[in-house]
Amino acid sequence: APGVASLVGGGGLNMEASLTARDRVGIQDFVLLDTYTSETACLDNLRKRFHENLIYTYIGTLLVSVNPYKELDIYSKKQMDTYMGVNFFELPPHIYALADNAFRTMMSEFNNHFILISGESGAGKTEASKKILQFYAVSCPSTKVLNNVRDRLLLSNPVLEAFGNAKTLKNDNSSRFGKYMDIQFDHQGGAVGGHILSYLLEKSRVVHQNHGERNFHIFYQLVEGGEEDLLRWLGLERNCKHYRYLVQGNCAKVSSINDKSDWKTVRKALSVIDLSESDIENLFGIIASVLHMGNIKFEADARGYAMLNNNQEMQWLLGIPNQVLQQGLTHRKIEAKSEEVFSPFSVDHAVYARDALAKAIYGRTFSWLVNKINESLANMDSSRKTVIGLLDIYGFEVFSVNSFEQFCINYCNEKLQQLFIELTLKSEQEEYEMEGIEWEPVPYFNNKIICDLVEEKFRGIISLLDEECLRPGEATDLTFLEKMEDKIGGHPHFVTHKLADQKTRKTLKRGDFRLLHYAGEVTYCVVGFLDKNNDLLYRNGKEVMRQSKNAIIKHCFPSTEPDSKRRPETVVTQFKNSLVGLTEILMMKEPWYVRCIKPNEAKQPGHFDDVLVRHQVKYLGLMEHLRVRRAGFAYRRKYEVFLQRYKPLCPDTWPNWKGTAAEGVRCLIKHLGYKSDEYKMGRTKIFIRHPRTLFATEDAFQVCKHKLATRIQAKYKGYKVKGDYLKQREAATKIETCWRGMMARRERQRRAWAVTDLLICSRFIKGFMNRHQPACTDNSEYLAFVRHSYLTRLKENLPKTILEKDSWLTPPPILQELLLKAQTSALFKGKKENYPFSVCRPFADTRICAEDISIKVLQMIQHEKVKYSVPVVKYDRNGFRPRLRQLIFTQEAAYLVEEAKIKQRIDYSSLKGVSVSNLSDNFLILHVTCDDSKQKGDLVLQCDFLFEALTKLSVIVNKQNCIHVVQGSVRFDIQPGREGFVDFKSGQESMVYRAKNGHLMVVSL
Ligand SMILES: Nc1ncnc2c1ncn2[C@@H]1O[C@H](COP(=O)(O)OP(=O)(O)O)[C@@H](O)[C@H]1O
Ligand SMILES: [Mg+2]
């Protein structure tokens, strides 16, 4: 069946195909849940998928992600490739699909996007944002410059995590700040820059940690991983237990965290993101100073005022003069009219001021770091760019006790929900408009009323809080509560103990107020609101900091900062303003959403806690989101796609529809009996209101598919059998043709041979008649035949040794040479170096033709029968001057001839022997017997046809061993009683010269 499915559906596990598997793995898009208002149905679907390791599910284009708490093999390079450039619904839901789709939409529409990742702590937000960043790092075009930007984007993460993340009870690597990161792309899709905004760092963690929690990672990394030198320089000891700011949670060491190796990563990353060495020194100076600061102790003097007693820590603090620092930590400056008065702190007060300073230092340094990263990510090119923003921000937080932080965070989520409603409804409306479908208003809950409750000017909770913080007189958290009861007591989303009815009152304490957020109710404890909102840093604390030698601190506490004349903005107002800024940034972009869910509190794989997940489904606003998505139509598809899949369901559209796709779909759904309120026909898409309509269609398709498969199979089988028959028939015809052709060719050849036979006969006869003529066209074929037949016979009748002259088959005249060559071989093979080169040179009868020998000479020697003649160079016996001569062998003697003169006659009987060297030269020395002193001496000759000449000579004189191959030097007689020498050697260049010792030196290659 799968094979058939792909035949029809076009392959791949696309969304429609997965509809089939919906019983087992649930559905991949919540929008297709028929009971979309049921939390239980939603939960069931999540659970089914979670247990199949399917952690991703869509709500339209929103991605729901459930933290698997184990490594899944779905983030490989191969997976990235799979999702690159593929349509959203063609593959199973994945974070890569969302990232890729955002990217491709940006490229094709040239607009800006953001991906909002939310979820409670530990749900996988930060991991998701890293996955997206990694996907872009791999999928975007790369060059050297772009890789540089890419590395910085990737490495900004470990740095920000070191300074902004900490272990909490919920997550060992919990981000303690909100993060919005822009990735800027050029028009080719290359990542060319980035920008980071951070929100609401949880500074209180610097000075206080709950049990089981830690301070920010960087402190532990420095103490555990810092090099010895560095620690010494910073006055630190390698022991976290020594630092009060590190031990309050009582868990400095955590098995899942390796501070040492993280330290190395961070150090490397810091230099990649462009921090100079002095920046880095200053940065660690600050981290160390915060640790030292935590160890400063105060004692009470007689009047109960705080004083500092020989605190060694002081010297390490940021290069601030001791006096100034002491004064700053124990006194507060009050301006009274024109006077400045220092009023001493109580011990408690001093501790509070110290902690405030530590928080301020850390918080401002964090902002400085974010700015630094931004400088390194800044894109200098001013050409137009598009961006994808990544927002990794706290989701709704609901604890048993909720305080100021939760209030801020949940307010943030209300704002983002507002944004979502506006953007989603807007885009939904736009799509309807584009498709020409009438917009019908749908009921959904608009949370604007809650946003107003919190942020409205003068009347909102934020305004009331600020008012209470700033007003003179004794303002407390409780007066703030009263004020709220007074001003907004009647609001339907606000309730307190006092305002509640009897039943609700039981669930509220006196100091509590409750907000009915869009995602559910949250009860806040009012204690600490004023203090946290004020975030007071005494003015002289800042002044003290300004005296620091640390460049970062100087930068963070500028002298231009307005003094206390005007109160600085409260924390909540700063936060509100930054949210307004964020909303503005996001409003101009196309939204994508990732909602993260954690399946259990124990960080365990495979465990799905229904209560916990139900809670998150609610607070993440998934149901609300689904409701908005479903406000209109559950399913929409391009006509072409819809028709392609479902056309087998109607005889008119199967197998092919001739008209337009829209007409085809109209015909199809008429056949299927869709009711008019179940669907709408847009310009390019069909909209189906309820999933059940689609499911019915899909189920019909599944049934039909099997029938269809049988039909297709039958058709195919028939087609295949017919095909086989045709193939066989074709093959038979081919064989027949070939056979006939071959027979015809054979016959033709036979006849041609008969003709040529005659020709060959006549040529053979002609050759025989001319066999004694010099080689010519008439006899060449015949001679070749003779040679061939002799050699064939010779092969069968070789003599035992080549020197048994008589036992050789008598060769035909043209092959006499062969015997001579055999002789040469016997004489020189393996003895003289240049012999091998002579083998292939044919011997000639003679080298000087009769006309070139002087007639006078010929007349004198003719009676002796001239056997062979060759030109030679003769070297004078005295002085070795070379002279051209002719060497002629007769039956009786060898003659050296100069033109018409016979210079020397050597009777073979007086020839003692011939010497040649073993090297590559062509010298020969003829030794003669000298009886009287008038006779000339030995002959020193050079002959180009040395082997030929000596072979002939040896045959003529019939002396086997008259030729000697010698090494080194040859002695010869210049004349009787006077000796000369020829020395042979090999060298780089062939040369003949008279050496200093009077020898003739012959150098050969
Ligand atoms: N997709 C995932 N695959 C495997 N483990 C994950 C995944 N997402 C999250 N985790 C695990 O959950 C932990 C918390 O995730 P994190 O992204 O830091 O949560 P959040 O940022 O939402 O607080 C991670 O350290 C990791 O161990
Ligand atoms: Mg996080």
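Predicted model: local features only at pLDDT ≥ 70, side-chain atom pairs only at ≥ 80, totals over all residues.
Visitor: Which residues of α12 are buried?

Guide: They are D259, W263, V266, A269 and L270. The term requires under 20% relative accessible area, so each of these residues falls below that cut-off.

Visitor: Why are they said to be on the same side of α12?

Guide: Because these residues cover an arc of only 135° around the axis, they share one side of α12. K264 and K268, on the other side, are exposed; they therefore have over 50% relative accessible area.

Visitor: What makes N258 a cap of α12?

Guide: A side-chain oxygen of N258 lies 3.2 Å from the backbone nitrogen of K260, at the N-terminal end of the helix. The limit for a polar contact is 3.5 Å, so this pair is within it. Just after α12, D274 takes a positive phi of about 80°.

Visitor: Why is the approach of T126 to ligand 1 called a polar contact?

Guide: A polar side-chain atom of T126 lies 2.6 Å from an oxygen atom of ligand 1. A pair of N or O atoms within 3.5 Å qualifies, so this one does. For N171 the value is 2.9 Å, again to an oxygen atom of the ligand, and for Y75 it is 2.9 Å to a nitrogen atom. Taken alone, ligand 1 exposes 550 Å², of which the protein buries 85%.

Conventions:
Residues numbered from 1 in each chain as written. Chains lettered and ligands numbered in written order. Heavy atoms only, no water. Buried < 20%, exposed > 50% of the residue type's maximum accessible area, 1.4 Å probe, protein only. Helix = DSSP H or I, 4+ residues; strand = E, 2+ residues; numbered from the N terminus. Arc of directions from axis to C-beta. Polar contact = N/O pair within 3.5 Å; in protein donor to acceptor, adjacent residues only side chain to side chain. Areas by Shrake-Rupley, 256 points an atom, 1.4 Å probe, with all protein chains shown as cover.
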